[in-house]
Amino acid sequence: MKTYHICTFGCQMNVNDSQWLCRALDRRGYEASDLATSSLILVNTCSVREKPEQKVRQYVERIFWETSKKRSVLVVILGCVAKQLGERCFSFSPQVRFVCGPDHIGEIPDRVAELLDEPEKKLVLTDDTARYPEREILGVEAPQSYVTIMQGCDKFCTYCIVPYTRGRERSRDPLAILQDCRAKLALGASEIVLLGQNVNAYGKDSPIPFTFAELLERVDALDGLQRLRYTSPHPKDMDARDIEAFGRLRTLCPSLHLPMQSGSSTVLRRMGRGYSRKDYEKLVAELKSNRPDLCLTTDIIVGFPGETEADLEETLSLMEACRFSASYSFCYSDRPGTKASTFTDKIPSSVQHERLLRVQELQDKLTDAYFTKRLGTETTVLIEHKSKRPHNGIASWEGRDPYGVRIHIPATDSQNWIGHLVSTTIVEKGKHCLFGSPSRT
Ligand code: SAH
Ligand code: SF4
Ligand code: F3S
């Protein structure tokens with residue numbers, strides 16, 4: 001029996017690639033198994049900051065020890081670290097024999113079959129394909145499904161490695177996207193999340209004039225779709241039609257992840273983001289005028305080279321002004337080959353960490369204020385899975401509401417609620433999620 005195990009680091013694009021790989025390997029007769037007993041181990045990697053990259057190395061070393069150093073185990077390094085380091089990944093462990101960049105993931109099932117037959121062979125596939133790397137459409141049975149709409153990023157923010165790992169922006173054929181969405185809806189999905197590093201640049205590289213807003217409209221019209229979301233958009237590329245879509249499209253959820261990175265125009269300029277603090281504030285105001293209940297989340301980098309105390313204060317005040325319900329904040333980390341890595345005014349790590357704490361403390365307050373406002377309100381939860389931990393000693397289901405907030409509701413009967421939309425009253429708040437009590441299904 002051929003057994004495999006996949007470990008996934010990084011963003012939703014990697015999660016989507018790994019889900020595809022599971023399906024493709026299952027179809028070829030492989031069986032999913034745990035780390036210690038698998039003969040094929042795939043590590044889908046992220047190199048966006050130094051820490052995730054280190055985690056990959058540590059994980060590959062762990063595989064070596066946990067599989068009792070069996071050379072017969074085939075380890076594949078795929079994704080962004082594979083692209084970044086190429087054949088240098090072979091030095092992680094003698095078990096690594098295949099290094100596969102993001103554009104060649106569709107080839108993995110066939111290539112591993114060759115490598116399993118030829119134990120001495122090694123393979124590196126890390127070049128960028130000229131067009132979007134289309135692959136066989138294979139759905140995954142899940143209430144919420146990801147659909148990638150483009151590959152790469154052309155923005156070259158000065159701190160970011162993604163344009164080097166994912167290559168240039170290449171939009172996927174709109175017909176293939178719609179076919180993929182239909183396949184997922186046919187398997188029972190009711191929510192679709194469109195994915196890309198810079199989704200609202202969709203279509204700009206393509207000879208056929210087809211914009212992101214048009215794509216949203218076409219997906220919104222698909223039979224069976226209840227909820228539509230996308231991630232990540234770039235604030236600079238949000239045009240009027242993208243903004244008004246929030247007030248117009250039936251399925252487009254009132255939730256948006258809109259990475260701000262900093263509240264200081266000076267820092268934003270040095271990051272090469274292409275917008276100022278004022279531009280960001282104006283965009284948020286326009287979005288909220290189309291959809292007053294829009295729930296915003298964001299990404300923030302602290303301790304960017306040259307960031308002053310006053311710049312940090314501006315980040316904190318923009319967070320307050322936008323009232324984000326959640327944010328992902330990170331200390332700036334040097335990435336090889338990026339422009340910011342050559343900047344000389346680096347911020348000491350102790351200062352970065354102190355600033356990160358301040359951002360996180362403020363976010364905790366903003367999240368709590370948002371959750372308090374939600375107490376006693378009605379919402380609808382799309383149940384995704386059973387919660388890992390019981391709440392107040394009672395097993396519960398977990399899902400998201402239209403605002404993208406994680407909500408747990410008690411599992412009071414033996415019915416399987418996965419995929420159901422459950423009307424719920426919010427009765428309690430946690431630190432990162434809400435608790436509801438079902439009103440009806
Ligand atoms: N395309 C998205 C983000 C992709 S990377 C966008 O434009 O926002 C995800 C997040 O990682 C970024 O939003 C940023 O906050 C963070 N990030 C990227 N490079 C980083 C670096 N060198 N150091 C710290 N955080 C970084
Ligand atoms: Fe990185 Fe900027 Fe592209 Fe986002 S838009 S992936 S932060 S270069
Ligand atoms: Fe990481 Fe690559 Fe995604 S660097 S964030 S896995 S695009």
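In this predicted model, strand S12 and strand S13 (residues 295–302) run parallel and are joined by 3 bridges. Strands here are DSSP runs of E with at least two residues, numbered from the N terminus. Two strands pair if DSSP finds at least two bridges between them. Within this pairing, His257 has Thr297 of S13 as its bridge partner. S13 also runs parallel to S14, through 6 bridges. There, Ile300 is the bridge partner of Ser329 in S14.

These strands form an open sheet of 3 strands in the order S12-S13-S14, with parallel pairing. Strand S12 (255–257) and strand S14 (326–331) are the edge strands, each pairing on one side only. Direction ignored, neighbouring strands of this sheet are turned by 10° against each other on average. The axes behind this angle are lines fitted to C-alpha atoms, and angles run from 0 to 180 degrees between N-to-C directions. Side chains alternate along S14. Ser327, Ser329 and Cys331 point to one face and are buried. Buried means under 20% relative accessible area, with a 1.4 Å probe and protein chains only; exposed means over 50%, and partly exposed lies in between.

Ligand 1 is surrounded by 14 residues, a residue being near if one of its heavy atoms lies within 4 Å. The closest are Tyr159, Gln197, Gln261, Asp299 and Ser333. The shell divides into 7 nonpolar, 3 polar and 4 charged residues. Ala, Val, Leu, Ile, Met, Phe, Trp, Tyr, Cys and Pro count as nonpolar, Asp, Glu, Lys and Arg as charged, and the others, Gly among them, as polar. A backbone N or O atom of Tyr159 lies 3.0 Å from a nitrogen atom of ligand 1. For Ser333, a backbone N or O atom is 2.8 Å from a nitrogen atom of the ligand. The side chain of Asp299 places an N or O atom 2.6 Å from an oxygen atom of ligand 1. On its own, ligand 1 has 540 Å² of accessible area, and the protein covers 90% of it. Accessible areas come from the Shrake-Rupley method with a 1.4 Å probe; for residues, only the protein chains shown count as cover. S13 and S14 are the elements that give two or more residues to the shell around ligand 1.

Ligand 2 has Cys153, Lys155, Phe156, Cys157, Tyr159, Cys160, Val162, Pro163, Gln197, His234 and Arg273 around it. Its shell holds 7 nonpolar, 2 polar and 2 charged residues. The residues around ligand 3 include Cys11, Cys46, Cys80, Arg166 and Gln197. That shell divides into 4 nonpolar, 4 polar and 1 charged.

Elsewhere, strand S4 (residues 74–79) pairs with S5 in the parallel sense over 4 bridges. Val75 stands opposite Val96 in S5. Strand S5 (residues 96–100) is mostly covered, with 5 of its 5 residues buried. Arg227 belongs to strand S11 (residues 227–231). Arg227 is buried, at a relative accessible area of 5%. Its side chain reaches the backbone oxygen of Arg400 at 2.8 Å.

Residues are numbered from 1 along each chain as its sequence is written, and chains are lettered from A and ligands numbered from 1 in the order in which they are written. Local features need pLDDT of at least 70, side-chain atom pairs count only at pLDDT 80 or more, and totals for chains, interfaces and linings use all residues, while side-chain values use heavy atoms, leaving out hydrogens and water.

Terms used
Polar contact = N/O pair within 3.5 Å; in protein donor to acceptor, adjacent residues only side chain to side chain.
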